[in-house]
Amino acid sequence: MGRLSRVCVVLVSSLWCFACADAPAHEEEPTQNDASSASVEDSGRPVVGPVTDASAARPSTDRPRGNLDPRDAATTRPETRDGQAERPLDASSGVARDGGAPTTSLDAAGAPSGQLWKPKPGTRWQWDLSGSVSKLDLAVDVYDIDGFETEASQVAVLHAMGKKVICYLSVGTYEPARADAQDFPKETLGKYWPEWDETYLDIRSEGVRAVMKKRLDMCQTKGFDAVEPDNMDMFEGGMSDTGFPLTEADGIAYAKWLANETHARGMSIGQKNASSIASAIAAVYDWALTEDCFADGWCDEMKAYPDDGKALFMCEYTDTKIDFKAACAAAKSGNFSAILKKRELDAWVEFCN
């Protein structure tokens, strides 16, 4: 199943600014004091701009749990956000389970030739899903941040600093606080996942894919370079966990469909976890992102990416108490881009030297 990396979002409007007061410091996380890693704390550097939900934190305990049936919230459609008008669904909204055909002319890899950003092994990155993107002065090439809670102006600031920007989306779960939550047809919502207050989606559904197309449109409109499709491994739970008889074939078909749709919009896409289908989809994905692969012993299952000249963004978490020096050594051997993060994925990060 998906390794823990969801963003719990409470939608609160906030203003974007280019010069804000110093942000409060994060609580310092104990780090390794050796030459293999270098930590970065949120030391109150200027915040270039808050995102829509400046108070977001992961995980949250404020959401209703247990008694909430999210299917009851999926019967009406909300107003749109980000200045985008509601789009009518066209005939291509529901694509067959084999992935169908993309709407643009693609090359053999399913991408507009020469238009995609494809990071190379060793690319340095930061992952911040806290709802507030701070510390933009980090010496990294890439920021992976929340697609909904990031405005186009923030993406433009990062681009002006010479950085690429990845759009985080959940593609396998229903998140009740997202702006488009009510767009999901009621019948596409499966079993409740109380750990993250999310609900599993029927990834075979044309209705789910119609919503995902609009999410990809959002990422494209905001100027993102790539998409991180979280929870693309939900199929591994099958009927018992998700409430749908999902199979590996369903997971592969959905993954290929996502790649085609993302490429058609001029963005690259990374495989997020889902190591069980890596051999089936690595050829059409542009990079990969793992969580706890060192702690859980499955990093080698993703070696097809660096072996093919594609970046593998490797995240390990402080709560596993791993030896990060050893993780860095393994990352160097495998040509992975390793970082250490708190599970809530805020601004705090530790890099390998």
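1. **Getting your bearings.** A word of caution to start with: this is a predicted model. The chain is built with 8 helices and 13 strands. Of its 353 residues, 56% are buried. If you look at contacts with a separation of 6 or more, 75% of them come from residues 24 or more positions apart.

2. As a bit of background, strands of a sheet pair through backbone hydrogen bonds, and they can do so parallel or antiparallel.

3. **Leu189, while you're there.** Leu189 belongs to strand 6. Is Leu189 buried or exposed? Its relative accessible area is 3%, so Leu189 falls under the 20% cut-off and counts as buried. Along the chain Leu189 and Asp202 are 13 residues apart, and their C-alpha atoms are separated by 6.6 Å.

4. **Strand 3 and its partners.** Now move to strand 3 (residues 142–146), which is mostly covered, with 5 of its 5 residues buried. Strand 2 (residues 125–128) runs parallel to strand 3 and is joined to it by 4 bridges; in that pairing, Trp127 stands opposite Asp144. Strand 3 also pairs with strand 4 (residues 164–170), in the parallel sense and over 5 bridges. There, Val142 has Lys164 as its bridge partner.

5. **Strand 11, covered on both faces.** Why can we call strand 11 largely enclosed by the rest of the structure? Because 6 of its 6 residues are buried. On one side you'll find Leu312, Met314 and Glu316, and on the other Phe313, Cys315 and Tyr317, all of them buried. Strand 10 (residues 287–291) pairs with strand 11 in the parallel sense over 4 bridges, and Leu289 stands opposite Phe313. Strand 12 runs parallel to strand 11 too, joined by 5 bridges, with Cys315 opposite Ile339.

6. **Helix 2 against helix 4.** These two are worth a look together. The axes of helix 2 (residues 206–222) and helix 4 (residues 248–264) come within 10 Å and cross at roughly 35 degrees, and the crossing is right-handed. Helix 2 brings Val208, Arg209, Met212, Lys213 and Leu216 to the contact, while helix 4 brings Ala253, Tyr254, Trp257, Glu261 and Thr262. By type, that contact has 6 nonpolar, 1 polar and 3 charged residues.

7. **The cores.** The largest nonpolar core has 45 residues, and the members touching the most others are Phe184, Met212, Tyr254, Ile281, Tyr285 and Met314. At least two residues each come from helix 2, helix 4, helix 5 (278–281), strand 11 (312–317), helix 8 (324–334) and strand 12 (337–341). Helix 4 gives the largest share, 6 residues. Apart from this core lies another, of 37 residues, including Trp125, Val142, Met218 and Trp287.

8. **Tyr285 up close.** Which residues does Tyr285 contact, leaving aside its neighbours within four places in sequence? Tyr285 is in contact with Met232, Ala255, Leu258, Ala259, Ile269, Gly270, Gln271, Tyr305 and Lys310.

9. Most residues other than glycine have a negative phi. Asn231 has a positive one, near 65 degrees, and is found in the loop between strand 8 (226–230) and helix 3 (238–242). Asp292 is not a glycine either, and its phi is positive at about 60 degrees; you'll find Asp292 in the loop between strand 10 and helix 6 (293–296). Asn231 is buried, with a relative accessible area of 1%, and Asp292 also counts as buried, at 6% relative accessibility.

Conventions. Residues are numbered from 1 along each chain as its sequence is written. This is a predicted model: local features need pLDDT of at least 70, side-chain atom pairs count only at pLDDT 80 or more; totals for chains, interfaces and linings use all residues. Side-chain values use heavy atoms; hydrogens and water are left out. Axes are lines fitted to C-alpha atoms, for helices over the stretch in contact, and angles run from 0 to 180 degrees between N-to-C directions. A crossing is left-handed if the near helix is turned anticlockwise from the far one by less than a right angle, and right-handed if clockwise. Contact means heavy atoms within 4.5 Å. Ala, Val, Leu, Ile, Met, Phe, Trp, Tyr, Cys and Pro count as nonpolar, Asp, Glu, Lys and Arg as charged, and the others, Gly among them, as polar. A nonpolar core is a set of buried Ala, Val, Leu, Ile, Met, Phe, Trp, Tyr and Cys residues joined through side-chain atoms within 4.5 Å. Buried means under 20% relative accessible area, exposed over 50%, partly exposed in between (1.4 Å probe, protein chains only). Two strands pair if DSSP finds at least two bridges between them.
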